[in-house]
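Here are a few exercises to work through with the model open in your viewer. Try each task before you read its solution.

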Amino acid sequence: MEETERLTAGHRSRDCRRLCGRICARCVDRIDGALRTLLDLYRESDQALVPGAPVLRERVSGSRASVGIVLDERALALRTRAAEVMTLWARMVVDERAGARPGSGERGVATLVRFLRRQLPWLAGHPAGADFDEELSELLGEFGGLLGPGPARRLELGPCTRSECAGTLYGVLAAGDGDRVPSQVSCDGGHSLPPRQWLLVAGRMREAA
């Protein structure tokens, strides 16, 4: 009897697509998390665009630690590439799926990420779905090289401070951040809270931490 090939716990979307004809639910959940992380890192990289104020973050390799400097040009190029990749995939969905449209009047990477997250069940059955997963992984790797190791941690801080927004506010911290000072605070509706307004949610940050 021929032995049936089984998927390992760490398999990628190309593996399950080859065996099952579509991307499995586990990989869809992983891709959804990767899109959320990409948006967090994209927003965090905004700090690197301030002229004359390079971002300094600890990089750990074994037991040795060093400090990496993020250059403005590199951050700008990567942010542009992330926006282009998300735009191309969103355009493919719009072209091939009737009625699929991002929110009217909205723009930016946050809108594209929200749109693509909603389209993941459809992308799971698309022949190019595994390519999307791989391009997303490449972007995350490049952002990791730009901003330093370790996934960003998301702290849910309750409803957005804008009265007209129904989104949820999140604080983003680097992994292992002992000071619990977020690198950015924003909602999943695309609104960023500037540092001067972080006192408005300081109590929520302490509770979430």
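**Exercise 1.** Is Pro 102 buried, partly exposed or exposed?

*Solution.* Before we start, some ground rules: this is a predicted model, where local features need pLDDT of at least 70 and side-chain atom pairs count only at pLDDT 80 or more, while totals for chains, interfaces and linings use all residues. Residues are numbered from 1 along each chain as its sequence is written, and side-chain values use heavy atoms, with hydrogens and water left out.

Step 1: Buried means under 20% relative accessible area, exposed means over 50%, and partly exposed is in between (1.4 Å probe, protein chains only).
Step 2: apply them. Pro 102 has 26% relative accessibility, so it counts as partly exposed.
Step 3: Pro 102 sits in the loop between α3 (72–96) and α4 (109–118); helices here are DSSP runs of H or I with at least four residues, strands are E runs of at least two, and both are numbered from the N terminus.
Step 4: list the partners. Skipping neighbours within four places in sequence, Pro 102 is in contact (heavy atoms within 4.5 Å) with Val 94, Thr 111, Phe 115 and Arg 118.

**Exercise 2.** Work out whether Ala 90 is buried or exposed, and which residues it is in contact with beyond four places in sequence.

*Solution.* Step 1: find Ala 90 in helix α3.
Step 1: check its cover. The relative accessible area of Ala 90 is 3%, so this residue is buried.
Step 2: look for partners. Leaving out neighbours within four places, Ala 90 is in contact with Leu 112, Phe 115 and Leu 116.

**Exercise 3.** Describe the largest cavity and what lines it.

*Solution.* Step 1: on a 1 Å grid over the protein atoms alone, a cavity is a set of points where a 1.4 Å probe fits but cannot get out, and lining residues have an atom within 4 Å of a point.
Step 1: the structure holds one cavity of 30 Å³ or more, and the largest has a volume of about 40 Å³; grid points are joined across faces, edges and corners, and the volume is the space filled by probe spheres set on them.
Step 2: its lining residues include Ile 23, Val 28, Leu 120 and Phe 132.
Step 3: α5 gives the largest share of the lining, three residues.

Technical notes
On a 1 Å grid over the protein atoms alone, a cavity is a set of points where a 1.4 Å probe fits but cannot get out, and a pocket is an open set with protein on both sides within 12 Å along at least five of seven lines; lining residues have an atom within 4 Å of a point.
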